[in-house]
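Open the model in your viewer and keep the selection tool at hand. We will go from one stop to the next.

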Amino acid sequence: MAEHAVLSASSSHRWLSCPPSARLEREFENNSSTAAEEGTAAHALCEHKLKKALRMRSKRPVSDYCTDEMEECTDAYAEFVMEQYELAKQTCKDPVVLIEQRLDFSSYVPDGFGTGDCLIISDGLLHIIDFKY
């Protein structure tokens, strides 16, 4: 199971409003669910499709959760990212695309880290794209 930060970016809405909640959550077992597993499968498929669109090596993930809906959503995600990448290339000769990038924000939040689904870095702009399924 993936490691999670106590003060994660995705749960900041909770711990910024109620700081003790972050430590309290550690008292509960971190159980997965079918929805979480399906979301993980969708993210893996997004990563694969995006890498293929960027002409990077990738092996298509195998999942029991793959459906026509997941195919459509992940296609739309990869298409959106590629559109944003093309826009970035209009103002920057060498934009960088980072996929499933571990991000460290511990200089702002103690032990703060997370994973960015997709980041496009170009001259003067950081575009963060977060896939939701």
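Which residues have the most contacts inside the largest nonpolar core? Select Leu50, Tyr77, Val81, Val97, Cys118, Ile120 and Ile129 to see them. The core they belong to has 17 residues. Helix H3 (34-53), helix H4 (68-91), strand E1 (96-104) and strand E2 (113-122) each give two or more residues to this core. H4 supplies the largest share, 6 residues. Nonpolar side chains tend to be buried together in soluble globular proteins. Keep in mind that this is a predicted model.

**The whole chain**

Now zoom out and show the cartoon. Follow the chain along its sequence, and the pattern reads α-α-α-α-β-β-β. The C-alpha atoms fill a box of roughly 45 × 40 × 20 Å along the principal axes. Of the 133 residues, 31% are buried. Take the contacts between residues at least 6 apart in sequence: 52% of them join residues at least 24 apart.

**Helix H4**

Select 68-91, which is H4. How far apart are its end C-alpha atoms? They are 36 Å apart, which agrees with the 34 Å that 24 residues should span at 1.5 Å a residue. Next, colour its buried residues: Met70, Thr74, Tyr77, Ala78, Val81, Met82, Gln84, Tyr85 and Ala88. An α-helix has 3.6 residues a turn, so residues three or four places apart point the same way. Look at what lies against the buried residues of H4: they pack against H3, E1, E2 and strand E3 (125-129).

**Helix H3**

Move to 34-53, which is H3. Its 20 residues should span 28 Å at 1.5 Å a residue, and the end C-alpha atoms are 29 Å apart, which agrees. Its buried residues include Gly39, Leu45, Cys46 and Leu50, and also His48, Lys49 and Lys51. H4, E1 and E2 are among the elements that cover the buried residues of H3. Step just past the end of H3 to Arg55, which takes a positive phi of about 60°.

**Val97 and a second core**

Select Val97 and show its surroundings. Leaving out residues up to four places away in sequence, Val97 touches Leu54, Tyr85, Cys118, Leu119 and Ile120. Then pick Leu7, Ala22, Phe105 and Val109, which are among the 5 residues of a second, separate core.

Finish with the surface. The chain exposes about 9,400 Å², and carbon and sulfur atoms supply 52% of it. Colour by charge too: there are 14 positive and 23 negative charges, and their mean positions are 7 Å apart.

How values were computed
Residues numbered from 1 in each chain as written. Predicted model: local features only at pLDDT ≥ 70, side-chain atom pairs only at ≥ 80, totals over all residues. Heavy atoms only, no water. Helix = DSSP H or I, 4+ residues; strand = E, 2+ residues; numbered from the N terminus. Buried < 20%, exposed > 50% of the residue type's maximum accessible area, 1.4 Å probe, protein only. Contact = heavy atoms within 4.5 Å. Areas by Shrake-Rupley, 256 points an atom, 1.4 Å probe, with all protein chains shown as cover. Lys, Arg positive; Asp, Glu negative; His and termini not counted. Charge placed at Lys NZ, Arg CZ, Asp CG, Glu CD. Core = buried A, V, L, I, M, F, W, Y, C linked by side-chain atoms within 4.5 Å. Expected span 1.5 Å × (residues − 1).
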